[in-house]
Amino acid sequence: MEIRQDHNLSLEEMDKQSFLHGYTALKSHLETGPEIIVSGSGVRLTNSAGKEYIDAVAGLWCVNIGWGHKEVVDAIAAQADELAYYHSFFSMGTEAPIRLADRLLRLVPDNMSKVSFGNSGSDANDTNVKLVWYYNNLRGKPEKRKIISRKRAYHGVTVATASLTGLSNVHTAFNLPLPMVLHTETPHYWRHAEPGMSERDFSQACARKLEEMILAEGPETVAAFIAEPVMGAGGVIIPPEGYFPEIQRVLRKYDVLMIADEVITGFGRTGNWFGSETYAIEPDMMTIAKGLTSGYVPMSGSIISEEIWEVIKEGPPGVAAFAHGYTYSAHPVAAAAAMANLDIMERLDLPQKCAEVGAYFQRRLREVAADHPLVGEVRGDALLAAVELVKDRETKEAFDPDLLVGPMLSKYAMEEGLITRSLPLCDAVSFSPPLVITTAEVDEALELFERALHRVADELVRTGAWNP
Ligand SMILES: Cc1ncc(COP(=O)(O)O)c(C=O)c1O
């Protein structure tokens, strides 16, 4: 094999020649090249050209404590110095993940019993799928294995979790979804409720559709329902009033487990430690990642109830050990980072701070955007929000997807110095800033956003794509 030894390449050129970026338009990346971020502090990032941004999305919804906390960096260094790695198979262990599991169980609902650690939200959800199957097999219900997710859900990109994800761009050309996954309605009141329906009516209608699906498939074949307390990547969709209690009534009736995917909503994002608390969810399993370490190093977790634990601890006959786990499950350096991250979250009372600054943010975002003629809906809760643009506010008609109106908004925002995120398959951009954001920084961010919004409107009028 010939090894290329190109010297004097710029970092940008090196990237284009050697790096495959996730969720990136690969061909146009070869033209535009990468945007390289070199440093961060609080809610601000700096790129390799020295341009500063406010990151209104905390990386990928994950840097809850913001950048530059030396306390976390020191905890990582101290753990790496003392013991950089040991595994957790064969009853082996290290101190930090044991303490972390114990601490997490004091933050989650009381029925939760054990934490299994992983390295990404995807692998934790994959673990949850396997645990659901294992549990039902051990209960003598091997045919009870289908998982119901929702259209527009996001649960990851592994073979199983990309299947759970309810976005067509994650399936197309990947031979997905797997047949054991079904997708029920998106609970998006603004987009899908029939005229005259209250939010409660709409929640009941969603629950009815779920029940119809379970009955059509046969309840004896349906194992679990998975949901993000707030749908994130699929559009920042806040559950309508009474949604989860209605859904759970159906799940209980047919012995279907509830998996709360708290990968985005965990660790303060909705104004409580977990979205399950904010939206009255009573999970049998929880998926955590992102805010667990605020992204300083990768770590995720699957948390299971006492009821599930009681079954799986017995194991299948003739099999000595629980045959699941990753080399880097319960990595001590990641656990040390998580412990320091949680120290900061507790000390700053970040869930409460998120509720307070979040209320301000939601009000200001509506003041800035809700009456703009391009804006169909401003939605959100605490420090999680989206603004969806439409061609016609009355009919909610969307723009031609080829116009890339959502990406245009996030591109202009970025030029103004604000990082937002354009969401897939709709013209919405999202906000999920670090929970340490101040009201002054909210004002600053929204000023930049407002400028970008006006620029999009001007551009659409100028090109004749929009006639307000
Ligand atoms: C709700 C949810 N679940 C799972 C995942 C997958 O996590 P990861 O990208 O760490 O695999 C994500 C990622 O954004 C997510 O938002």
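**A tour by selection**

Begin by selecting Leu403, which is found in the loop between strand E12 and helix H16 (405-416); helices (H or I, at least four residues) and strands (E, at least two) are DSSP runs, numbered from the N terminus. Residues are numbered from 1 along each chain as its sequence is written. The model is a predicted one, in which local features need pLDDT of at least 70 and side-chain atom pairs count only at pLDDT 80 or more, while totals for chains, interfaces and linings use all residues.

Leu403 counts as partly exposed because 17 other C-beta atoms lie within 10 Å; a residue is buried if 20 or more other C-beta atoms lie within 10 Å of its own, exposed if 12 or fewer, and partly exposed in between, with C-beta atoms placed from the backbone.

Next, select the open sheet of 4 strands, whose order is E11-E12-E15-E14 and whose pairing is antiparallel; two strands pair if DSSP finds at least two bridges between them. Its edge strands are E11 (375-381) and E14 (421-422), each of which pairs on one side only. Strand E14 is joined to strand E15 (residues 428-431) by 2 bridges, the two running antiparallel, and Ser422 has Val429 in E15 as its bridge partner. Now show helix H15 (residues 350-369), which packs on the sheet and touches E11 and strand E12 (384-389), its direction making about 175° with that of E11. Contact here requires C-beta atoms, placed from the backbone, to lie within 7 Å, and axes are lines fitted to C-alpha atoms, for helices over the stretch in contact, with angles from 0 to 180 degrees between N-to-C directions.

Move on to the ligand, around which there are 15 residues, the closest being Ser120, Gly121, Ser122, Gly156 and Val263; a residue is near if its C-beta atom, placed from the backbone, lies within 6 Å. Which helix gives the most to this shell? Helix H6 (residues 121-138) does, with 3 residues.

Keep H6 selected and look along its length: at 1.5 Å a residue its 18 residues should span 26 Å, and the end C-alpha atoms are 25 Å apart, which agrees; the expected span is 1.5 Å times one less than the number of residues. Among the buried residues of H6 are Gly121, Ser122, Asp123, Leu131, Val132 and Tyr135. Just after H6, Gly140 takes a positive phi of about 75°.

Select Arg145 next, in the loop between H6 and strand E5 (146-150). Arg145 counts as partly exposed because it has 16 C-beta neighbours inside 10 Å. Leaving aside neighbours within four places in sequence, Arg145 is in contact with Trp133, Asn136, Met180, Thr221 and Ala223. By contrast, Gly271 is 126 residues from Arg145 along the chain, and their C-alpha atoms are separated by 34 Å.

Finish with strands E1 (residues 37-41) and E2 (residues 44-47), which pair in the antiparallel sense over 4 bridges, with Ser39 opposite Thr46 in E2. E1 and E2 form a hairpin with 2 residues between them, and Gly42 in the turn has a positive phi of about 60°. Strand E2 is also joined, by 3 bridges, to strand E3 (residues 52-55), and these two run antiparallel; Thr46 has Glu52 as its bridge partner in E3. The hairpin of E2 and E3 has 4 residues between the strands, and there Gly50 takes a positive phi near 90°.

Conventions:
Contact = placed C-beta atoms within 7 Å.
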